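Thank you all for coming. I would like to take you through one model this morning, slowly, and with the terms spelled out as we reach them.

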Amino acid sequence: EAVVRYPCRFCENNVDIIDTPGMNDDDDMNNITIRQLSDIDLAIVTLDPNAPVSNTEAHFIAQLVESDQICQIVFVVSKMDTLFYENRERLLKVIKERLKKLVKAALLEENDENSPIIKKYSELFSEPIIFPVSSIKALHAYEMGDQEELISSGFQRLNDELLPLIIRTQQDRKSTRLNSSHLGIS
């Protein structure tokens with residue numbers, strides 16, 4: 001574990017960013033990631049467009065849905081610059097459909113169709129939040145001060161939409177805690 005402190009607008013308002021190993025690593029690394037689930041409210045899952053949504057990833061995402069703490073899941077599809085422009089929209093549609101299909105199938109292995117977990121899945125995956133990005137284009141845009149390239153990298157949208165999403169997730173979490181304590185649910 002390494003703790004890094006750096007002034008960042010995403011880390012205001014009692015927000016910590018926890019970067020964990022990916023889920024296609026070895027079992028020890030996967031277990032490190034799984035142990036973090038009880039400490040997070042919002043998960044950002046990075047997907048590779050060249051091998052989108054493996055069964056391992058789908059089962060991990062299902063664990064995120066099953067976590068009592070997590071009330072939002074966001075997907076970042078990296079390496080968009082490695083794809084032909086005309087294939088990008090089609091690939092994002094395929095990723096969205098694979099997410100819905102494979103995660104639900106993983107959840108149904110352990111949960112009934114009418115369970116609260118499937119209801120939570122339906123809420124989170126009715127329209128999955130997906131940010132396609134190109135890190136290389138973003139880095140180049142920052143180096144050159146090129147706002148248009150930053151926008152086309154997808155990072156401008158990610159930067160603009162992630163903070164409000166974090167704040168909304170915090171508010172949802174607070175509301176859930178208040179409603180739970182009000183109803184005597186723990």
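This is a predicted model: local features need pLDDT of at least 70, side-chain atom pairs count only at pLDDT 80 or more; totals for chains, interfaces and linings use all residues.

Residues are numbered from 1 along each chain as its sequence is written, and side-chain values use heavy atoms, with hydrogens and water left out.

The protein chain has seven helices and three strands, where helices (H or I, at least four residues) and strands (E, at least two) are DSSP runs numbered from the N terminus.

Helix H3, residues 85-108, packs against helix H4, residues 116-125, at an angle of about 170°, with the axes 11 Å apart; the axes are lines fitted to C-alpha atoms over the stretch in contact, and angles run from 0 to 180 degrees between N-to-C directions. That makes H3 roughly antiparallel to H4, a term for angles over 145 degrees.

Which rings pair with Phe125? Phe75 and Phe125 form a tilted pair, 5.9 Å centre to centre with 55° between the planes, and Tyr121 and Phe125 form a stacked one, at 4.9 Å and 20°. Rings of Phe, Tyr and Trp (its six-membered ring) pair if their centres lie within 6.5 Å, and planes under 30 degrees apart count as stacked, over 60 as edge-to-face and the rest as tilted. Phe75 lies in strand S2 and Phe125 in helix H4, so their pair ties together parts that are 50 residues apart in sequence.

Methods:
Angles under 35 degrees count as roughly parallel, over 145 as roughly antiparallel, 65 to 115 as roughly perpendicular and the rest as oblique.
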